[in-house]
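Biologist: Before I use any of the labels on this model, I would like to see where they come from. Can we take them one at a time?

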Amino acid sequence: MNSKFSSVVRAFLTGGLICLAIQVIMAALGAVLPPELPLSLRGAIALVIAGAITIVLTLSGVYAKIADFGGMGANLPFIGLVPALTGVMCDARAHGASLGGAIAAALKVMLLLFGCGFGFSLVFVFACTALGVGIFA
Amino acid sequence: MTFVLAFLLGGAFCALAQLVFMVAKMENPIPCLIAFFCLGGVLGVFGIIPMLEETCQAGMMALALDPGFGIQGGVFSALAGNPLPLVALLATITCMIVMGLITGTIASSHVAQDQK
């Protein structure tokens, strides 16, 4: 029980710190980019910059240590896609797949993730809007 | 203040994800990610995600819940004649996937060499 509780706390700290780091990047971008740029676009640019930093962290093996410590705290943030894809590709290569096979395996996982997520979200929003429920109705 | 809110909200969702991950005894984080993606879609329809985005900014935008709402807002905005949010969302996701594939190619070439 205790170890379970501590892993939730560690996920909280890891996820919180990653979000805090991206917030810092967003604040820095706010000083550079024109202020009339919408917030969501500034967030998207900050995410791409954070993703580029994640490449370095993944290749140096630091992100694997963060994921060991934080569990879902390191996976749920969007930048977790980079190490997740790397993990899938390394697994495929370790099982003897070629580079093309590894890329196909990684794309299959992404298709599953975005297919299910986007598919469900869109079906749900159109169903709710048709029923007159929600902010888009 | 936004920094504290981003930390708290991001942490709270990650703690919830970790709880779900352990309670459902999952081996692999992908099903948990899909579940939270869909949760983002549900919360987005009821206006909770855009509200949190405004107050907590990166605490919401950095998480995998956000694209679930992003695709809804993007599609509705594209239907209304402004495709920019949809294009920005798809471009961000494509960037992430391409960066993941590049990292994977570099990292997995070491794996392939180690096997030989």
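**Labels and their cut-offs**

Modeller: Arg10(A), Ala11(A), Thr14(A) and Ile18(A) in H1(A) meet Tyr63(A), Ile66(A), Asp68(A), Phe69(A) and Gly70(A) in H3(A), where contact means heavy atoms within 4.5 Å. This is a predicted model, in which local features need pLDDT of at least 70 and side-chain atom pairs pLDDT 80 or more, while totals for chains, interfaces and linings use all residues. Residues are numbered from 1 along each chain as its sequence is written, chains are lettered from A and ligands numbered from 1 in the order written, and side-chain values use heavy atoms, without hydrogens and water.

Biologist: What makes H1(A) oblique to H3(A)?

Modeller: The axes of H1 (residues 2-32) and H3 (residues 62-70) of chain A come within 8 Å and cross at roughly 135°. Angles under 35 degrees count as roughly parallel, over 145 as roughly antiparallel, 65 to 115 as roughly perpendicular and the rest as oblique. H1(A) is therefore oblique to H3(A).

Biologist: Which aromatic pair is edge-to-face, and what makes it so?

Modeller: Phe118(A) and Phe37(B), at 5.5 Å centre to centre with 85° between the planes. Rings of Phe, Tyr and Trp (its six-membered ring) pair if their centres lie within 6.5 Å; planes under 30 degrees apart count as stacked, over 60 as edge-to-face and the rest as tilted. The pair crosses between chains, from helix H6 (residues 99-131) of chain A to helix H2 of chain B.

Biologist: Why is the pair of Phe136(A) and Phe69(B) called stacked?

Modeller: Its centres are 6.2 Å apart and its planes 25° apart, and planes under 30 degrees apart count as stacked. Phe136(A) lies in the segment after H6 of chain A, and Phe69(B) in helix H5 (residues 66-79) of chain B. Ring pairs also link these two with Phe126(A) and Phe76(B) into a cluster.

Biologist: How do you know whether Phe69(B) is buried or exposed?

Modeller: Its relative accessible area is 12%; buried means under 20%, exposed over 50% and partly exposed in between (1.4 Å probe, protein chains only). Phe69(B) is therefore buried, whereas Phe136(A), at 21%, is partly exposed.

Biologist: Which residues touch the most other members of the largest nonpolar core?

Modeller: Ile22(A), Leu76(A), Phe114(A), Phe13(B) and Leu65(B), out of 61 residues. Such a core is a set of buried Ala, Val, Leu, Ile, Met, Phe, Trp, Tyr and Cys residues joined through side-chain atoms within 4.5 Å. Beyond four places in sequence, Ile22(A) contacts residues including Ala46(A), Ile79(A) and Ala58(B).

Definitions and conventions
Axes are lines fitted to C-alpha atoms, for helices over the stretch in contact, and angles run from 0 to 180 degrees between N-to-C directions. Helices (H or I, at least four residues) and strands (E, at least two) are DSSP runs, numbered from the N terminus.
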